[in-house]
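Good morning, and thank you for joining. I would ask you to look at the sequence and the model before I describe them.

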Amino acid sequence: MKELSLHILDVAENGISAGADQVAIEVIEDRRQNRLTLVIADNGRGIPMDQVDRAIDPFYTSRTTRRVGMGLSLLNAAARQCDGHMWIDSDAGKGTRITAEFVYDHIDRAPVGDMAATMISLIMGSPGIDFEYRHEVDGREFVLNTREVKSALDGRQINDPEVFQYIMETLRTGENRLRQGG
């Protein structure tokens, strides 16, 4: 995938397909330590212990709709290609946490990509799911929690066009401030 945000979108959608109603996404850019860390955690069905190691095999999937499951294997390959690694913490019935680390300045590391678009896709595509998004760059952070947004809506839906516009502007502004050092 050309951007890491597309890996994040894929893994988060897998969690939603696995019955999650809460998804937490973290992007931690630590240029001083030369590390980029992605964390996607959900409270879905989780992966049984005997299948965790097989989850990164591109020719294994627990889905019945197709015979391959490329998402985790591609993320694992992307991390390894950049002298990083990926690991899976999962507890059947409680959820899954995927962590991928990359050498930040590795020449083969894909850019983080458009996280605002990724989060909007997730939020608007699954309005019933609570998302917590945290993006940190060298200790500065931006956080968006849809549970907090929903509690402030006074009966409006999170996918209402005006709410959508507010969330999009909040995400774009937050991401721009991080990139500009604000």
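A residue is called buried under 20% relative accessible area, exposed over 50%, and partly exposed in between, with a 1.4 Å probe and protein chains only. The model is predicted, so local features need pLDDT of at least 70 and side-chain atom pairs 80 or more, while totals for chains, interfaces and linings use all residues. Residues are numbered from 1 along each chain as its sequence is written, and side-chain values use heavy atoms, leaving out hydrogens and water.

Let me begin with helix α3, residues 70–81; helices (H or I, at least four residues) and strands (E, at least two) are DSSP runs numbered from the N terminus. Its buried residues include Gly71, Leu72, Leu75 and Ala79. Among the elements that cover the buried residues of α3 are α1, β2, β3 and β4, where contact means heavy atoms within 4.5 Å. After α3 comes Asp83, with a positive phi near 55°.

Now the sheet. In what order do its strands lie? The open sheet of 6 strands reads β3-β4-β2-β1-β5-β6, with mixed pairing; two strands pair if DSSP finds at least two bridges between them. At the edges stand β3 and β6, each pairing on one side only. Strands β1 and β5 run parallel, joined by 8 bridges, and Glu29 has Val137 in β5 as its bridge partner.

Finally, the aromatic rings. Rings of Phe, Tyr and Trp (its six-membered ring) pair with centres within 6.5 Å; planes under 30 degrees apart are stacked, over 60 edge-to-face, and the rest tilted. The structure holds 1 aromatic pair: Tyr133 and Phe142, edge-to-face, at 6.2 Å centre to centre and 65° between the planes. Both Tyr133 and Phe142 are buried.

Technical notes
Expected span 1.5 Å × (residues − 1).
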